[in-house]
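Please look over the model shown here together with its sequence, and read the report below beside it.

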Amino acid sequence: MNLFNNLLFRIFLSILVGIVVGLYAPLWLNRTFVTFNKLFGSFLGFSIPLIIMGLVMPAIAELGKNAGKLLFVTIVIAYSFTIFSGFSTYFVGSALFPAIIGEQASVTSAQAAERSLEAFFTINIPPILDVMSALVLAFMIGVSLSLKSNSTLGEVLKDFRDIITLVIGKVIIPLLPFYIMSIFSEIAYGGKVVSVISVFFKIIGIIFVMHIALLILQFILAGLISGKSPMRSLLKMMPAYATALGTQSSAATIPVTLRQVIKMGVPERIAGFVVPLCATIHLSGSTMKITACAMALMLMSGQIVDFESFSRLIFMLGIMMVAAPGVPGGAIMAALGILQSMLGFDAQQQALMIALYIAMDSFGTACNVTGDGAVALIVNKISTLSGRE
């Protein structure tokens with residue numbers, strides 16, 4: 001595999017180049033980077049409502065067409081796991097992050113920088129509707145279409161999703177490294193890069209430990225319900241974990257996940273239904289990353305982290321993530337809108353969020369995929385009990 005085709009490597013390289021440019025490059029080059037930053041940020045702001053509608057509407061519409069008791073049970077368990085991940089992350093972060101970040105607050109605010117940069121020019125691209133309007137419209141149309149069959153609008157939405165997926169894959173994702181490069185050049189120029197990088201590494205370390213703990217808890221619960229050994233079941237899922245680390249894709253890991261779930265003793269009929277579905281709806285690892293990174297960035301910028309705001313965010317993430325797994329970079333793209341509308345994230349915080357998220361993408365995907373095994377164990381037990389009634 002060509003190393004330069006790896007998004008994580010390109011993000012890492014862009015951070016390094018951005019720091020070098022901010023510290024040593026002449027003013028005109030730094031202003032060029034800031035100009036790109038403002039232009040791309042404006043385009044991204046315009047795109048976010050379209051991304052939400054393009055991904056969420058068809059995802060919800062297609063999900064409802066498989067109505068049935070097994071679907072309902074699987075959705076409830078996967079959503080519960082995802083919500084538990086978000087709230088447990090919030091409480092751990094509330095206990096640890098303030099002490100870790102400490103005096104390094106305000107490092108992500110351009111206004112707080114020791115030196116500031118101005119763009120050569122800017123172009124304002126207003127979004128066609130705000131984020132909350134896009135969310136409400138997406139849910140309204142998606143849920144309505146889930147109750148219809150052979151809808152013409154449903155086919156149109158699939159084409160719209162293909163267009164949005166193309167924009168994400170061919171425009172936004174390729175330009176993200178340059179966008180992040182421009183953000184870090186501005187931070188380095190302002191003299192705050194050491195603080196930002198040190199916090200990044202601390203947050204990544206904490207999240208890695210947390211996602212291991214989450215998997216252990218999930219399999220303990222699954223073991224208590226199914227009667228199977230939690231540790232043996234978890235160990236059997238390790239090939240899927242390792243595959244997800246390499247592919248960074250829940251969908252690409254489905255064949256391995258399916259094989260390992262069957263090896264745990266789940267019938268092929270149940271495994272063949274639960275595993276592909278959970279690749280779409282079970283996002284414990286992704287929710288953990290977004291919640292933790294959002295808390296860290298808010299503390300770094302001096303914002304107040306409160307339970308009420310994050311409660312709304314976590315419940316919404318559990319739904320928004322449904323649209324994300326099939327699209328490279330879709331999870332963080334889908335989340336940017338609600339981070340902006342619910343937590344007030346500005347363009348710089350969004351860029352840092354993307355960098356942090358992608359830096360941990362492999363671990364989040366591995367957590368999602370491995371946790372699918374725990375969901376399958378519980379669904380199989382419930383299905384067995386229901387069959388005896």
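Predicted model: local features only at pLDDT ≥ 70, side-chain atom pairs only at ≥ 80, totals over all residues.

Residues are numbered from 1 along each chain as its sequence is written, and side-chain values use heavy atoms, with hydrogens and water left out.

For the protein chain, the mean pLDDT (the predictor's confidence in each residue, from 0 to 100) is 81, and 87% of the residues reach 70 or more. Over residues 106-113, however, pLDDT stays under 50, and the model has 19 contacts (heavy atoms within 4.5 Å) for this stretch beyond four places in sequence.

| Helix pair | Angle | Axes apart |
|---|---|---|
| H6 (residues 193-226) and H14 (residues 347-359) | about 40 degrees | 11 Å |
| H11 (residues 284-300) and H14 | about 135 degrees | 10 Å |
| H11 and H12 | about 150 degrees | 10 Å |

Angles under 35 degrees count as roughly parallel, over 145 as roughly antiparallel, 65 to 115 as roughly perpendicular and the rest as oblique. H6 and H14 are therefore oblique to each other, and their crossing is right-handed (the near helix is turned clockwise from the far one by less than a right angle). On H6 the contact is made by Val196, Phe200 and Ile204, and on H14 by Leu352, Ala355, Leu356 and Ala359. By class, this contact has seven nonpolar residues (Ala, Val, Leu, Ile, Met, Phe, Trp, Tyr, Cys and Pro; Asp, Glu, Lys and Arg count as charged, and the others, Gly among them, as polar), with no polar and no charged ones.

H11 also passes H14 in a right-handed crossing. Residues of H11 in this contact include Lys289, Ile290 and Leu297, and those of H14 include Leu352, Met353 and Leu356. The contact of H11 with H14 divides into nine nonpolar, two polar and one charged residue.

H11 and H12 are roughly antiparallel to each other, as follows from their angle, and H11 passes H12 in a right-handed crossing. Thr287, Ile290, Thr291, Ala294, Met295 and Met298 of H11 meet Phe310, Ile314 and Leu317 of H12, a contact that divides into seven nonpolar, two polar and no charged residues.

Aromatic pairs (rings of Phe, Tyr and Trp, its six-membered ring, with centres within 6.5 Å; planes under 30 degrees apart are stacked, over 60 edge-to-face and the rest tilted) come to 10. Tyr90 and Phe310 form a tilted pair, 5.6 Å centre to centre with 40 degrees between the planes. Tyr90 lies in helix H3 (residues 69-101) and Phe310 in helix H12 (residues 307-320), so the pair ties together parts that are 220 residues apart in sequence.

Methods. Axes fitted to C-alpha atoms, helices over the stretch in contact; angles between N-to-C directions. Helix = DSSP H or I, 4+ residues; strand = E, 2+ residues; numbered from the N terminus.
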